[in-house]
Amino acid sequence: MDKKIAIIGASGYTGWELIKLLFSRPGFDLVGLNSESNSGRPVSDLYPDADPKLKFTNYTIDEINRLEPNLVFLCQADGYAAANASKINSRVIDLSRDLRFAEGVVYGLPELNRKSIAASRLVANPGCYATACILAGLPAVQSGLVERIVFDCKSGYSGAGRTPSDRNDPKRIADNILAYKLSSHPHQNEIRQGLGLAAVSFTPHVLPVFRGIMATGHMILKKRTDAAMIRDKYRKFYAAEPFVRVMDRIPDLHDVQNTNLCCLGGFETDDADRLVVVATIDNLLKGASGQAVQNMNLMLGLPETEGLT
Ligand SMILES: NC(=O)c1ccc[n+]([C@@H]2O[C@H](COP(=O)([O-])OP(=O)(O)OC[C@H]3O[C@@H](n4cnc5c(N)ncnc54)[C@H](OP(=O)(O)O)[C@@H]3O)[C@@H](O)[C@H]2O)c1
């Protein structure tokens with residue numbers, strides 16, 4: 001029997017990525033594509049590549065429950081999941097930051113929590129910057145090499161969603177780079193928790209690029225360590241990971257756009273015992289909907305990589 005899937009907040013960028021990943025995948029039925037602002041309209045009004053049969057719905061949560069979906073994705077702005085996730089009877093993956101590290105909710109980074117994700121009813125999908133930074137730092141931190149880290153990150157403007165804001169205003173971002181939340185982005189805490197290291201700082205920037213994140217980690221080492229040896233540690237750490245690639249060169253956005261990959265490279269040290277590691281991901285895929293499908297596969301007992309590249 002087909003797996004029934006509902007998406008709440010389906011008209012946003014992450015909702016559209018989920019529709020693309022699941023619509024043509026055999027064995028899946030999109031039973032609800034909720035959008036308050038676009039209810040009744042064809043999805044192709046917003047996304048011309050969408051199949052003309054697809055329409056936005058606006059079911060109540062009770063109606064969604066009656067459809068008996070196998071899993072519901074929440075792609076709404078912050079606040080929605082905190083108020084509504086517990087009313088949904090099926091498995092839920094929330095893409096907002098509402099439930100990350102909340103009690104009884106599994107943090108959905110498969111490279112950290114694969115087994116608990118598979119057993120969970122409610123998964124909080126990680127933030128896009130946090131995904132890149134945690135994957136960039138994890139092997140070095142878990143090897144006990146790192147004293148502190150500063151992550152300098154750049155994101156495509158789709159990271160700010162479709163909802164208009166000063167971080168996706170076409171006039172403001174054209175030929176420009178915007179720094180924001182220099183020391184107070186909520187992902188800073190998420191990265192600290194994911195890495196299990198308090199001495200982590202993070203500053204994001206928006207680029208005039210649609211999709212992709214580059215996270216450059218400046219890791220101050222406890223003692224001088226050979227960079228090639230560190231790269232080998234990363235290779236071993238991620239050897240079995242289907243979506244993490246450790247490269248000899250410095251990755252860029254072209255390596256990851258439209259994929260669920262996280263590419264790691266750089267691995268240079270300097271005479272101040274700083275290790276530089278560069279991570280790239282597609283913010284809408286490994287940073288959001290691709291990772292959500294990876295988590296869905298685990299939760300529904302399907303092969304983890306199915307439907308993803
Ligand atoms: N974008 C990313 O790279 C990314 C990465 C990781 C996590 N996330 C998180 O995932 C969640 C969804 O992100 P998103 O990028 O898909 O957000 P989004 O594009 O802003 O869309 C989210 C919802 O906001 C409403 N919306 C969209 N455009 C609007 C407009 N012009 N006016 C009024 N309402 C509008 C829609 O709700 P209705 O359809 O119900 O009308 C839409 O489904 C957020 O919590 C975000 O923090 C995003």
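In what order do the seven strands of the open sheet with mixed pairing stand? The points below take up that sheet, a second one, and the ligand.

1. The model is predicted, so local features need pLDDT of at least 70 and side-chain atom pairs count only at pLDDT 80 or more, while totals for chains, interfaces and linings use all residues. Residues are numbered from 1 along each chain as its sequence is written, and side-chain values use heavy atoms, with hydrogens and water left out.

2. The order of the seven strands is β8-β9-β7-β10-β13-β12-β11. Strands are DSSP runs (E, at least two residues), as are helices (H or I, at least four), and both are numbered from the N terminus. Two strands count as paired if DSSP finds at least two bridges between them. At the edges of this sheet stand β8 (178–179) and β11 (244–246), each pairing on one side only.

3. Strand β9 (residues 200–207) runs parallel to β7 and is joined to it by eight bridges. Within this pair, Ile 149 is opposite Val 200, and Lys 154 has His 205 as its bridge partner. With strand β10 (residues 213–221), β7 pairs in the antiparallel sense over nine bridges. Here Val 150 faces His 218. In general, strands of a sheet pair through backbone hydrogen bonds, either parallel or antiparallel.

4. The other open sheet has six strands in the order β2-β1-β3-β4-β6-β5, and its pairing is parallel. Its edges are β2 and β5 (106–107); each has a single partner strand, so one side of each is left without a neighbour in the sheet.

5. Strand β1 (residues 3–8) pairs with two strands of that sheet. With β2 (residues 28–34), the pairing is parallel over six bridges, and Ile 8 stands opposite Asn 34. Between β1 and β2 the chain passes through helix α1 (residues 13–23), and this β-α-β crossover is right-handed (with the strands pointing away from the viewer, the path from the first strand over the helix to the second runs clockwise). With β3 (residues 71–74), β1 pairs in the parallel sense over four bridges; Ile 7 has Phe 73 as its bridge partner.

6. For Thr 14, a side-chain N or O atom is 2.7 Å from one, and for Thr 163 a side-chain N or O atom is 2.5 Å from one. Taken alone, the ligand exposes 870 Å², of which the protein buries 80% (accessible areas come from the Shrake-Rupley method with a 1.4 Å probe).

Conventions:
Polar contact = N/O pair within 3.5 Å; in protein donor to acceptor, adjacent residues only side chain to side chain.
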